[in-house]
Amino acid sequence: MTARHKIVLYNPQAVFWTMPLGLLAVGSALDPARYEVKIVDARLERDPMATVLAEAREALCVGMTVLTGSPIWDAIAVSRAVKEMRPDMPVVWGGWQPSLFPQGCLSEPSVDAAASGQGEDTFAEMVERFASGEDLRGVAGVTWRDGEQIARNQPRSTRDVNELPAHNYDLIRVEDYFARKGQRQLDYISSIGCRFRCAFCADPFVYNRAWFGLNAERMGEELSSLWQRYRYTEISFQDETFFTHRERVEDVAHAFLQRGLKVAWTGTMRADQGY
């Protein structure tokens with residue numbers, strides 16, 4: 001039996017306790033028969049740096065989600081430490097900052113590639129290239145270090161989230177997040193993108209105003225199964241605009257009622273969606 005490749009995914013230090021859903025998404029999209037995914041969340045570790053380095057010693061690559069702001073400093077520190085330990089280790093950044101400023105991210109010498117936009121397919125293709133010893137030429141959605149040059153590949157279109165696998169919450173320590181939050185609140189994302197074009201928001205730029213949402217039946221099945229496992233008391237929908245389609249919201253509520261899912265839930269909306 002062929003040994004699995006280890007993939008280390010890192011969530012930098014931050015001041016909030018939202019579960020790392022971006023890392024959960026890309027980790028869940030990798031074939032578990034071929035890849036062992038280890039998510040390290042700096043907020044949960046006594047010594048995050050030591051944990052990442054220990055996990056990365058025999059890994060294929062290290063990926064991290066990078067939010068614009070103070071998390072960048074921790075991401076840089078960890079990226080540099082990984083490179084010092086394993087100069088051959090590919091370090092990949094994804095998330096909002098690399099989606100907005102991919103070439104700027106590669107001005108940091110320890111970063112080998114940046115994945116922009118929706119990351120599941122992009123990162124899966126990247127690790128396949130790493131496993132086979134190939135470069136990232138032609139991988140859509142990637143900006144990468146090609147020798148002394150920085151190459152930016154073609155963008156990747158946003159994919160319907162119904163075509164992607166369910167998030168595997170076994171990859172994170174759910175109970176630790178409940179403890180930090182002080183409540184059994186499960187973070188869940190049911191859609192990607194936004195149809196609007198607010199000038200202050202990165203979403204229209206990153207996803208080109210595309211929007212895809214999970215269907216209500218799938219959400220009902222997934223969240224019912226997660227309740228059986230974790231007995232959460234609240235769902236926090238981390239969608240950019242959960243209330244994009246009123247009919248879908250009604251269908252989701254009916255799906256919950258049909259399954260006896262009696263929990264509180266919260267979601268984001270624009271002011272003009274609330275009438």
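## The loop at R231

R231 is found in the loop between helix α9 (216-230) and strand β11 (234-237). Helices (H or I, at least four residues) and strands (E, at least two) are DSSP runs, numbered from the N terminus. This is a predicted model: local features need pLDDT of at least 70, side-chain atom pairs count only at pLDDT 80 or more, and totals for chains, interfaces and linings use all residues. Residues are numbered from 1 along each chain as its sequence is written, and side-chain values use heavy atoms, with hydrogens and water left out.

R231 is not a glycine, yet its phi is positive, about 50°. Most residues other than glycine have a negative phi. Buried means under 20% relative accessible area, exposed over 50%, and partly exposed in between (1.4 Å probe, protein chains only). The charged end of R231 sits over the ring of W227, 4.0 Å from its centre. To count, NZ of Lys or CZ of Arg must be within 6 Å of the ring centre and within 35 degrees of the ring normal.

R209 lies in the loop between α8 (203-207) and β10 (211-213). With 35% relative accessibility, R209 counts as partly exposed.

β11 pairs with β8 (185-188). The two run parallel, over four bridges. Two strands pair if DSSP finds at least two bridges between them. In this pairing, D187 stands opposite S236. β11 is also joined to β12 (residues 264-266) by three bridges, again in parallel. There, I235 has W265 as its bridge partner. Together, β11, helix α10 (residues 246-258) and β12 make a right-handed β-α-β unit. Right-handed means that, with the strands pointing away from the viewer, the path from the first strand over the helix to the second runs clockwise.

F237 sits in β11. At 2% relative accessibility, F237 counts as buried. Beyond its neighbours within four places in sequence, F237 is in contact with residues including M219, L223, F256 and G267. Contact means heavy atoms within 4.5 Å. T266 is another of these contacts. F237 and T266 are 29 residues apart in sequence, but 6.0 Å apart in space, C-alpha to C-alpha.

How many aromatic pairs does a search of the whole structure find? It finds seven. The rings of F237 and F242 form a stacked pair, because their centres are 4.3 Å apart and their planes are at 15°. Rings of Phe, Tyr and Trp (its six-membered ring) pair if their centres lie within 6.5 Å; planes under 30 degrees apart count as stacked, over 60 as edge-to-face and the rest as tilted. F242 is buried as well, at 0% relative accessibility. Ring pairs link Y188, F237, F242, F243 and W265 into a cluster.

## Helix α1 between two strands

Now move to the start of the chain. β1 (5-11) and β2 (35-41) run parallel, joined by seven bridges. L9 stands opposite I39 in β2. With helix α1 (residues 21-28), these strands make a right-handed β-α-β unit.

α1 is mostly covered: seven of its eight residues are buried. Among them are L21, L23, L24 and V26. Which elements do the buried residues of α1 pack against? They pack against β1, β2, β3 (61-65), α6 (120-132) and β8. β2 is mostly covered too, with five of its seven residues buried.

## R43, a buried arginine

R43 lies in the loop between β2 and α2 (48-56). R43 counts as buried, because its relative accessible area is 8%.

A polar contact of 2.6 Å joins the side chains of R43 and D41. A polar contact is a pair of N or O atoms within 3.5 Å; within protein, one must be able to donate a hydrogen and the other to accept it, and residues adjacent in sequence count only if both atoms are side-chain atoms. A polar atom of the R43 side chain also lies 2.7 Å from the backbone oxygen of T18. Not counting residues up to four places away in sequence, R43 touches residues including N11, F16, W17, Y177 and R180.
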